[in-house]
Amino acid sequence: MSYEAYRDPSLAFETKQLHYGYNPAEHYRSKAVPIYQTTAFELGSFERCERLFSFREEGHSYVRYSNPTNEVLEKRIAALEGGAAAVSMSSGMSAVSNTFFNLAQQGDEIAAVKTLYGGTTTLLSKVLPPYGIKANWIENADDPDSYRAAITDKTKAVYVESLGNPGMNVIDLETVAAIAHEHGIPLIVDNTFATPYLLCPFEFGADIVLHSSTKYLSGHGTIISGLVVEKGGFDWWNGKFPQFEEFYKDYAGKIEEKSLRNTAFTRRLRIRYLTEFGSSLSPIGAFLVLQGLETLSLRMQRHADNAMKLAEFLKNHPKILDVAYPSLPGSPYYGLAKKYFPRGSGAILSVRVKGGLEAAKRVLQKVRIFDYLVNVGDAKSLIVHPATSTHYGLPEDVRKEAGVYDDTLRISVGIENIDDLIRDMAQALED
Ligand code: PLP
(Lines give C-alpha, C1' and ligand atoms only; values in the text may rest on other atoms or scores of the structure.)
Protein backbone atom coordinates (compact mmCIF):
# COMPACT_ATOMS: atom_id res chain seq x y z
CA MET A 1 0.00 0.00 0.00
CA SER A 2 1.09 3.55 -0.60
CA TYR A 3 1.25 5.52 2.61
CA GLU A 4 0.25 8.80 0.97
CA ALA A 5 -3.23 8.62 2.57
CA TYR A 6 -1.70 10.04 5.73
CA ARG A 7 -1.54 13.51 4.23
CA ASP A 8 -4.07 13.63 1.40
CA PRO A 9 -6.52 16.43 2.21
CA SER A 10 -8.93 15.35 -0.53
CA LEU A 11 -9.85 12.10 1.25
CA ALA A 12 -13.30 11.76 2.80
CA PHE A 13 -13.96 12.00 6.53
CA GLU A 14 -14.36 8.22 6.92
CA THR A 15 -10.95 7.62 5.34
CA LYS A 16 -9.19 10.39 7.22
CA GLN A 17 -10.45 9.13 10.58
CA LEU A 18 -8.49 5.89 9.93
CA HIS A 19 -5.35 7.15 8.22
CA TYR A 20 -4.71 10.88 8.41
CA GLY A 21 -1.57 12.10 10.19
CA TYR A 22 0.15 8.72 10.49
CA ASN A 23 2.85 7.54 8.13
CA PRO A 24 3.87 3.94 9.06
CA ALA A 25 7.07 4.36 7.05
CA GLU A 26 8.27 6.76 9.76
CA HIS A 27 7.53 4.24 12.55
CA TYR A 28 9.11 0.88 11.59
CA ARG A 29 5.97 0.28 9.45
CA SER A 30 3.94 -0.49 12.56
CA LYS A 31 0.34 -0.68 11.38
CA ALA A 32 -1.10 0.61 14.65
CA VAL A 33 0.09 4.01 15.84
CA PRO A 34 2.86 3.17 18.35
CA ILE A 35 2.59 4.34 21.95
CA TYR A 36 5.83 6.21 22.62
CA GLN A 37 5.95 5.46 26.33
CA THR A 38 8.98 7.55 27.15
CA THR A 39 9.63 10.73 29.08
CA ALA A 40 12.24 12.15 26.76
CA PHE A 41 13.94 11.67 23.39
CA GLU A 42 17.64 11.59 22.72
CA LEU A 43 18.85 14.89 21.41
CA GLY A 44 21.50 13.25 19.24
CA SER A 45 24.05 16.01 19.04
CA PHE A 46 24.80 19.43 20.43
CA GLU A 47 23.87 20.98 17.10
CA ARG A 48 20.53 19.17 16.87
CA CYS A 49 19.67 20.17 20.43
CA GLU A 50 20.25 23.78 19.46
CA ARG A 51 18.09 23.42 16.35
CA LEU A 52 15.26 21.80 18.33
CA PHE A 53 15.23 24.38 21.10
CA SER A 54 15.46 27.28 18.70
CA PHE A 55 12.57 25.76 16.68
CA ARG A 56 14.68 25.59 13.53
CA GLU A 57 14.00 21.83 13.54
CA GLU A 58 10.59 20.34 14.46
CA GLY A 59 10.99 17.30 16.69
CA HIS A 60 10.40 15.81 20.11
CA SER A 61 12.58 16.32 23.16
CA TYR A 62 10.49 16.18 26.36
CA VAL A 63 7.03 14.65 26.51
CA ARG A 64 5.32 17.39 28.53
CA TYR A 65 5.71 19.43 25.31
CA SER A 66 5.11 16.85 22.57
CA ASN A 67 5.16 13.17 21.67
CA PRO A 68 4.88 11.34 18.31
CA THR A 69 1.73 9.44 19.40
CA ASN A 70 0.04 12.68 20.42
CA GLU A 71 1.25 14.34 17.23
CA VAL A 72 -0.72 11.83 15.13
CA LEU A 73 -3.83 12.54 17.18
CA GLU A 74 -3.32 16.29 16.79
CA LYS A 75 -2.91 16.04 13.02
CA ARG A 76 -5.91 13.74 12.71
CA ILE A 77 -8.35 15.88 14.69
CA ALA A 78 -7.14 19.01 12.87
CA ALA A 79 -7.88 17.26 9.55
CA LEU A 80 -11.30 16.04 10.68
CA GLU A 81 -12.31 19.50 11.92
CA GLY A 82 -10.84 21.20 8.84
CA GLY A 83 -8.34 23.16 10.97
CA ALA A 84 -4.65 24.02 10.63
CA ALA A 85 -3.27 22.63 13.91
CA ALA A 86 -4.25 21.12 17.27
CA VAL A 87 -2.91 20.51 20.77
CA SER A 88 -3.86 17.47 22.85
CA MET A 89 -4.39 17.95 26.58
CA SER A 90 -5.04 15.92 29.68
CA SER A 91 -8.79 16.70 29.91
CA GLY A 92 -11.57 18.69 28.31
CA MET A 93 -11.32 21.14 31.21
CA SER A 94 -7.61 21.64 30.62
CA ALA A 95 -8.43 22.41 26.96
CA VAL A 96 -11.03 24.97 28.10
CA SER A 97 -9.00 26.59 30.90
CA ASN A 98 -5.72 26.81 28.97
CA THR A 99 -7.59 28.31 26.02
CA PHE A 100 -8.91 31.08 28.28
CA PHE A 101 -5.42 31.73 29.66
CA ASN A 102 -4.02 31.90 26.13
CA LEU A 103 -6.68 34.46 25.14
CA ALA A 104 -7.21 36.65 28.13
CA GLN A 105 -4.95 38.53 30.54
CA GLN A 106 -5.68 40.50 33.68
CA GLY A 107 -8.57 42.91 33.08
CA ASP A 108 -9.83 41.00 30.03
CA GLU A 109 -13.24 39.48 29.52
CA ILE A 110 -14.79 36.47 27.79
CA ALA A 111 -18.35 36.84 26.45
CA ALA A 112 -19.99 33.50 27.15
CA VAL A 113 -23.46 32.04 26.78
CA LYS A 114 -25.10 30.73 29.94
CA THR A 115 -25.93 27.36 28.42
CA LEU A 116 -22.60 25.72 29.17
CA TYR A 117 -21.23 22.62 30.84
CA GLY A 118 -21.25 23.24 34.64
CA GLY A 119 -17.46 23.00 34.97
CA THR A 120 -16.95 25.74 32.37
CA THR A 121 -19.56 27.94 34.09
CA THR A 122 -17.76 27.50 37.43
CA LEU A 123 -14.39 28.21 35.80
CA LEU A 124 -15.70 31.48 34.35
CA SER A 125 -17.73 32.59 37.34
CA LYS A 126 -15.56 31.46 40.29
CA VAL A 127 -12.06 30.35 39.30
CA LEU A 128 -10.88 32.94 36.76
CA PRO A 129 -12.20 36.21 38.32
CA PRO A 130 -9.60 36.27 41.14
CA TYR A 131 -6.95 36.13 38.38
CA GLY A 132 -8.51 39.20 36.76
CA ILE A 133 -10.35 37.40 33.93
CA LYS A 134 -14.08 37.88 33.97
CA ALA A 135 -17.07 36.49 32.08
CA ASN A 136 -19.61 38.76 30.46
CA TRP A 137 -22.66 36.55 30.31
CA ILE A 138 -24.75 36.58 27.15
CA GLU A 139 -28.30 36.82 28.48
CA ASN A 140 -30.04 35.05 25.61
CA ALA A 141 -28.00 32.66 23.47
CA ASP A 142 -30.71 32.79 20.77
CA ASP A 143 -30.62 36.58 20.35
CA PRO A 144 -27.84 38.24 18.29
CA ASP A 145 -28.29 41.53 20.19
CA SER A 146 -27.48 39.75 23.44
CA TYR A 147 -24.06 38.87 22.02
CA ARG A 148 -23.47 42.47 20.96
CA ALA A 149 -24.49 43.69 24.43
CA ALA A 150 -21.97 41.37 26.14
CA ILE A 151 -18.96 42.51 24.08
CA THR A 152 -16.89 45.42 25.38
CA ASP A 153 -13.44 46.80 24.48
CA LYS A 154 -11.93 44.33 26.91
CA THR A 155 -13.66 41.24 25.50
CA LYS A 156 -11.23 38.77 23.92
CA ALA A 157 -13.55 36.03 22.66
CA VAL A 158 -17.10 34.79 22.31
CA TYR A 159 -17.54 31.34 23.85
CA VAL A 160 -20.33 28.85 23.06
CA GLU A 161 -21.03 25.11 22.90
CA SER A 162 -22.31 23.88 19.53
CA LEU A 163 -24.91 21.86 21.45
CA GLY A 164 -25.43 23.13 24.99
CA ASN A 165 -24.83 20.78 27.92
CA PRO A 166 -27.38 19.60 28.92
CA GLY A 167 -30.08 21.89 27.45
CA MET A 168 -29.25 20.91 23.83
CA ASN A 169 -29.72 24.43 22.49
CA VAL A 170 -28.25 25.06 19.05
CA ILE A 171 -26.19 28.21 18.49
CA ASP A 172 -26.52 30.06 15.19
CA LEU A 173 -22.78 29.88 14.63
CA GLU A 174 -22.71 31.83 11.38
CA THR A 175 -24.45 34.84 12.92
CA VAL A 176 -22.41 34.70 16.13
CA ALA A 177 -19.10 34.35 14.26
CA ALA A 178 -19.94 37.44 12.20
CA ILE A 179 -20.65 39.43 15.39
CA ALA A 180 -17.38 38.27 17.00
CA HIS A 181 -15.42 39.20 13.89
CA GLU A 182 -17.05 42.65 13.69
CA HIS A 183 -15.36 43.23 17.07
CA GLY A 184 -12.01 41.71 16.03
CA ILE A 185 -12.33 38.75 18.40
CA PRO A 186 -12.49 34.99 17.78
CA LEU A 187 -15.44 32.65 18.19
CA ILE A 188 -14.59 29.62 20.31
CA VAL A 189 -16.83 26.58 20.05
CA ASP A 190 -16.84 23.62 22.42
CA ASN A 191 -17.81 20.95 19.87
CA THR A 192 -17.82 18.03 22.32
CA PHE A 193 -21.45 16.97 21.91
CA ALA A 194 -21.47 17.29 18.12
CA THR A 195 -18.04 16.00 17.01
CA PRO A 196 -16.78 16.94 13.54
CA TYR A 197 -18.83 14.11 12.04
CA LEU A 198 -22.05 16.00 12.77
CA LEU A 199 -20.77 19.59 12.62
CA CYS A 200 -17.55 21.36 11.63
CA PRO A 201 -17.79 24.80 13.30
CA PHE A 202 -14.94 26.20 11.18
CA GLU A 203 -17.21 25.94 8.13
CA PHE A 204 -19.49 28.46 9.82
CA GLY A 205 -16.86 30.97 10.92
CA ALA A 206 -15.53 29.62 14.24
CA ASP A 207 -11.84 30.23 14.93
CA ILE A 208 -11.06 27.78 17.75
CA VAL A 209 -12.74 24.43 18.44
CA LEU A 210 -12.43 22.60 21.75
CA HIS A 211 -13.22 19.03 22.67
CA SER A 212 -13.58 16.94 25.71
CA SER A 213 -12.31 13.88 23.81
CA THR A 214 -13.23 11.98 26.96
CA LYS A 215 -16.61 11.73 25.21
CA TYR A 216 -17.48 10.67 21.64
CA LEU A 217 -14.04 11.07 20.09
CA SER A 218 -12.53 8.36 22.28
CA GLY A 219 -16.01 6.94 22.54
CA HIS A 220 -15.69 4.09 25.02
CA GLY A 221 -15.49 5.73 28.43
CA THR A 222 -11.86 4.77 28.98
CA ILE A 223 -9.85 8.02 29.02
CA ILE A 224 -10.06 11.65 30.17
CA SER A 225 -8.61 13.89 27.47
CA GLY A 226 -9.04 17.19 25.64
CA LEU A 227 -8.20 18.82 22.32
CA VAL A 228 -7.81 22.39 21.12
CA VAL A 229 -8.04 22.92 17.35
CA GLU A 230 -7.22 26.13 15.51
CA LYS A 231 -8.69 27.02 12.14
CA GLY A 232 -5.69 29.17 11.24
CA GLY A 233 -5.50 32.63 9.81
CA PHE A 234 -7.08 34.67 12.63
CA ASP A 235 -5.52 38.14 12.87
CA TRP A 236 -4.01 38.13 16.36
CA TRP A 237 -2.16 41.33 15.45
CA ASN A 238 -5.25 43.56 15.21
CA GLY A 239 -4.29 45.48 18.37
CA LYS A 240 -6.42 43.47 20.79
CA PHE A 241 -3.94 40.77 21.75
CA PRO A 242 -0.64 42.22 23.04
CA GLN A 243 0.41 38.76 24.27
CA PHE A 244 0.41 37.50 20.67
CA GLU A 245 2.45 40.50 19.53
CA GLU A 246 5.02 39.73 22.20
CA PHE A 247 4.97 36.05 21.30
CA TYR A 248 5.53 36.91 17.65
CA LYS A 249 8.54 39.06 18.55
CA ASP A 250 9.98 36.23 20.64
CA TYR A 251 9.68 33.63 17.88
CA ALA A 252 9.89 35.56 14.57
CA GLY A 253 12.96 34.41 12.71
CA LYS A 254 12.97 31.10 14.61
CA ILE A 255 9.63 29.47 13.73
CA GLU A 256 8.94 29.71 10.01
CA GLU A 257 7.00 32.97 9.40
CA LYS A 258 3.95 31.56 7.60
CA SER A 259 3.46 28.78 10.11
CA LEU A 260 3.99 31.14 13.08
CA ARG A 261 1.31 33.49 11.77
CA ASN A 262 -1.15 30.83 10.70
CA THR A 263 -1.02 28.70 13.84
CA ALA A 264 -0.07 31.29 16.47
CA PHE A 265 -2.85 30.22 18.84
CA THR A 266 -1.85 26.59 19.16
CA ARG A 267 1.89 27.44 19.03
CA ARG A 268 1.52 29.83 21.96
CA LEU A 269 -0.80 27.44 23.78
CA ARG A 270 1.82 24.69 23.56
CA ILE A 271 4.88 26.82 24.33
CA ARG A 272 3.39 28.96 27.10
CA TYR A 273 0.63 26.87 28.69
CA LEU A 274 1.01 23.18 27.88
CA THR A 275 4.67 23.44 28.79
CA GLU A 276 4.36 25.63 31.87
CA PHE A 277 1.03 24.48 33.33
CA GLY A 278 1.78 20.93 32.26
CA SER A 279 -1.64 19.51 31.35
CA SER A 280 -0.17 17.02 28.90
CA LEU A 281 -2.07 14.00 27.63
CA SER A 282 -0.18 10.75 28.16
CA PRO A 283 0.80 8.86 24.98
CA ILE A 284 -1.41 5.93 25.94
CA GLY A 285 -4.26 8.40 26.34
CA ALA A 286 -3.60 9.74 22.85
CA PHE A 287 -3.58 6.17 21.53
CA LEU A 288 -6.99 5.47 23.09
CA VAL A 289 -8.48 8.59 21.52
CA LEU A 290 -6.99 7.61 18.14
CA GLN A 291 -8.52 4.16 18.44
CA GLY A 292 -11.91 5.69 19.14
CA LEU A 293 -11.59 8.11 16.22
CA GLU A 294 -11.26 5.20 13.78
CA THR A 295 -15.00 4.43 14.14
CA LEU A 296 -16.30 7.93 14.86
CA SER A 297 -18.55 8.26 11.80
CA LEU A 298 -20.18 4.87 12.34
CA ARG A 299 -20.79 5.43 16.03
CA MET A 300 -22.06 9.01 15.68
CA GLN A 301 -24.59 8.10 13.01
CA ARG A 302 -25.90 5.24 15.12
CA HIS A 303 -25.90 7.44 18.28
CA ALA A 304 -27.90 10.12 16.45
CA ASP A 305 -30.36 7.65 14.89
CA ASN A 306 -30.99 5.99 18.27
CA ALA A 307 -31.37 9.38 19.96
CA MET A 308 -34.01 10.47 17.47
CA LYS A 309 -36.04 7.28 18.00
CA LEU A 310 -35.81 7.48 21.79
CA ALA A 311 -36.70 11.20 21.69
CA GLU A 312 -39.82 10.42 19.62
CA PHE A 313 -40.84 7.68 22.07
CA LEU A 314 -40.37 9.92 25.12
CA LYS A 315 -42.03 12.93 23.52
CA ASN A 316 -45.27 10.97 23.24
CA HIS A 317 -45.03 9.36 26.70
CA PRO A 318 -47.67 10.52 29.23
CA LYS A 319 -45.13 10.66 32.09
CA ILE A 320 -42.80 13.02 30.26
CA LEU A 321 -43.16 16.80 30.53
CA ASP A 322 -40.62 17.77 27.90
CA VAL A 323 -37.83 16.37 25.72
CA ALA A 324 -35.09 18.69 24.47
CA TYR A 325 -33.67 17.31 21.24
CA PRO A 326 -33.14 19.82 18.42
CA SER A 327 -34.03 17.48 15.53
CA LEU A 328 -37.51 16.79 16.97
CA PRO A 329 -40.20 18.65 15.01
CA GLY A 330 -41.58 21.21 17.46
CA SER A 331 -38.20 21.90 19.07
CA PRO A 332 -37.45 25.65 19.15
CA TYR A 333 -34.11 24.68 17.53
CA TYR A 334 -35.61 22.57 14.73
CA GLY A 335 -34.79 25.15 12.02
CA LEU A 336 -31.20 25.60 13.22
CA ALA A 337 -30.82 21.82 13.57
CA LYS A 338 -31.80 21.38 9.92
CA LYS A 339 -29.11 23.84 8.89
CA TYR A 340 -26.30 22.80 11.22
CA PHE A 341 -27.12 19.14 11.93
CA PRO A 342 -28.49 17.47 8.78
CA ARG A 343 -27.25 14.06 10.00
CA GLY A 344 -28.82 14.41 13.46
CA SER A 345 -28.24 16.73 16.39
CA GLY A 346 -26.11 14.50 18.57
CA ALA A 347 -27.28 11.92 21.05
CA ILE A 348 -27.95 13.71 24.32
CA LEU A 349 -31.53 14.12 25.43
CA SER A 350 -32.53 16.48 28.17
CA VAL A 351 -35.77 15.08 29.54
CA ARG A 352 -38.14 16.53 32.15
CA VAL A 353 -40.18 13.94 34.02
CA LYS A 354 -43.67 14.68 35.38
CA GLY A 355 -43.69 14.46 39.19
CA GLY A 356 -40.56 16.47 40.02
CA LEU A 357 -37.43 15.27 41.76
CA GLU A 358 -39.07 12.10 43.16
CA ALA A 359 -40.20 10.95 39.71
CA ALA A 360 -36.73 11.60 38.28
CA LYS A 361 -35.17 9.62 41.14
CA ARG A 362 -37.52 6.67 40.45
CA VAL A 363 -36.38 6.48 36.82
CA LEU A 364 -32.72 6.45 37.89
CA GLN A 365 -33.42 3.60 40.30
CA LYS A 366 -35.39 1.52 37.81
CA VAL A 367 -33.34 1.66 34.60
CA ARG A 368 -31.51 -1.60 33.79
CA ILE A 369 -29.52 -0.86 30.63
CA PHE A 370 -28.82 2.85 31.13
CA ASP A 371 -25.86 3.35 33.48
CA TYR A 372 -26.33 5.98 36.18
CA LEU A 373 -23.10 7.98 35.97
CA VAL A 374 -21.70 11.43 35.19
CA ASN A 375 -20.38 10.99 31.69
CA VAL A 376 -21.70 11.32 28.17
CA GLY A 377 -20.55 10.10 24.79
CA ASP A 378 -19.84 6.50 25.75
CA ALA A 379 -20.89 3.77 23.30
CA LYS A 380 -23.08 2.58 26.19
CA SER A 381 -26.24 4.43 27.20
CA LEU A 382 -25.91 6.64 30.29
CA ILE A 383 -28.27 8.62 32.48
CA VAL A 384 -27.74 11.25 35.16
CA HIS A 385 -29.60 13.84 37.24
CA PRO A 386 -27.63 17.06 36.46
CA ALA A 387 -29.05 19.17 39.34
CA THR A 388 -27.47 16.82 41.92
CA SER A 389 -24.29 16.01 39.98
CA THR A 390 -22.78 17.88 37.00
CA HIS A 391 -24.51 21.14 37.94
CA TYR A 392 -24.46 20.55 41.73
CA GLY A 393 -23.88 23.64 43.83
CA LEU A 394 -24.73 26.17 41.12
CA PRO A 395 -27.33 28.73 42.25
CA GLU A 396 -30.84 27.63 41.22
CA ASP A 397 -31.31 30.53 38.79
CA VAL A 398 -27.96 29.82 37.08
CA ARG A 399 -28.69 26.14 36.68
CA LYS A 400 -32.22 26.79 35.37
CA GLU A 401 -30.74 29.14 32.77
CA ALA A 402 -28.61 26.19 31.66
CA GLY A 403 -31.84 24.13 31.35
CA VAL A 404 -31.29 22.11 34.55
CA TYR A 405 -34.45 21.70 36.63
CA ASP A 406 -35.12 19.37 39.61
CA ASP A 407 -37.00 17.04 37.26
CA THR A 408 -34.38 17.06 34.46
CA LEU A 409 -32.62 13.85 33.46
CA ARG A 410 -29.77 13.91 30.95
CA ILE A 411 -29.66 10.83 28.78
CA SER A 412 -26.63 9.97 26.66
CA VAL A 413 -28.04 7.58 24.09
CA GLY A 414 -25.66 4.75 23.24
CA ILE A 415 -25.36 2.45 20.27
CA GLU A 416 -27.23 -0.55 21.72
CA ASN A 417 -30.27 -1.99 19.95
CA ILE A 418 -32.87 0.78 20.04
CA ASP A 419 -35.76 -1.58 20.87
CA ASP A 420 -33.95 -2.61 24.07
CA LEU A 421 -33.40 1.02 25.03
CA ILE A 422 -37.05 1.96 24.44
CA ARG A 423 -38.26 -1.11 26.39
CA ASP A 424 -35.95 -0.23 29.29
CA MET A 425 -37.14 3.37 29.43
CA ALA A 426 -40.77 2.25 29.17
CA GLN A 427 -40.47 -0.05 32.22
CA ALA A 428 -38.54 2.62 34.18
CA LEU A 429 -41.40 5.07 33.65
CA GLU A 430 -44.11 2.61 34.78
CA ASP A 431 -45.66 3.21 38.22
N1 PLP B 1 -17.09 20.44 27.70
C2 PLP B 1 -18.24 19.76 27.72
C3 PLP B 1 -19.33 20.13 26.79
C4 PLP B 1 -18.40 18.71 28.63
O5 PLP B 1 -19.56 18.04 28.64
C6 PLP B 1 -17.34 18.39 29.52
C7 PLP B 1 -17.48 17.30 30.50
O8 PLP B 1 -18.53 16.75 30.70
C9 PLP B 1 -16.16 19.12 29.45
C10 PLP B 1 -16.06 20.13 28.52
C11 PLP B 1 -15.01 18.80 30.35
O12 PLP B 1 -14.38 17.66 29.88
P13 PLP B 1 -13.48 16.66 30.76
O14 PLP B 1 -14.41 15.93 31.66
O15 PLP B 1 -12.83 15.79 29.73
O16 PLP B 1 -12.51 17.49 31.52
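The model is predicted, so local features need pLDDT of at least 70 and side-chain atom pairs count only at pLDDT 80 or more, while totals for chains, interfaces and linings use all residues. Residues are numbered from 1 along each chain as its sequence is written, and side-chain values use heavy atoms, with hydrogens and water left out.

The ligand is surrounded by 13 residues. G92, D190, S212, T214 and K215 are the closest. By class, the shell holds 3 nonpolar, 7 polar and 3 charged residues. In this scheme Ala, Val, Leu, Ile, Met, Phe, Trp, Tyr, Cys and Pro are nonpolar, Asp, Glu, Lys and Arg are charged, and the others, Gly among them, are polar.

A polar backbone atom of G92 lies 2.8 Å from an oxygen atom of the ligand. For M93, a polar backbone atom is 2.9 Å from a ligand oxygen. D190 uses its side chain: an N or O atom there is 2.6 Å from a nitrogen atom of the ligand. On its own, the ligand has 390 Å² of accessible area, and the protein covers 90% of this (Shrake-Rupley method, 1.4 Å probe).

The domain assignment, which is automatic or from a database, gives domain 1 (5–293) and domain 2 (297–429). Their C-alpha centres are 28 Å apart. Domain 1 brings 41 residues to the contact and domain 2 brings 36 (heavy atoms within 4.5 Å).

About 3300 Å² is buried between the two domains, and carbon and sulfur atoms give 61% of that area. Buried area is the accessible area (1.4 Å probe) that two parts lose on being put together, summed over both. Y197, L198 and Y216 supply 24% of what domain 1 buries against domain 2, more than any other three residues.

Polar pairing also spans the interface. There are 14 residue pairs in polar contact, both at pLDDT 80 or more. Such a contact is a pair of N or O atoms within 3.5 Å; within protein, one must be able to donate a hydrogen and the other to accept it, and residues adjacent in sequence count only if both atoms are side-chain atoms. The interface also has 2 salt bridges (a side-chain nitrogen of Lys or Arg within 4 Å of a carboxyl oxygen of Asp or Glu).

Notes:
A residue is near a molecule or strand if one of its heavy atoms lies within 4 Å of it.
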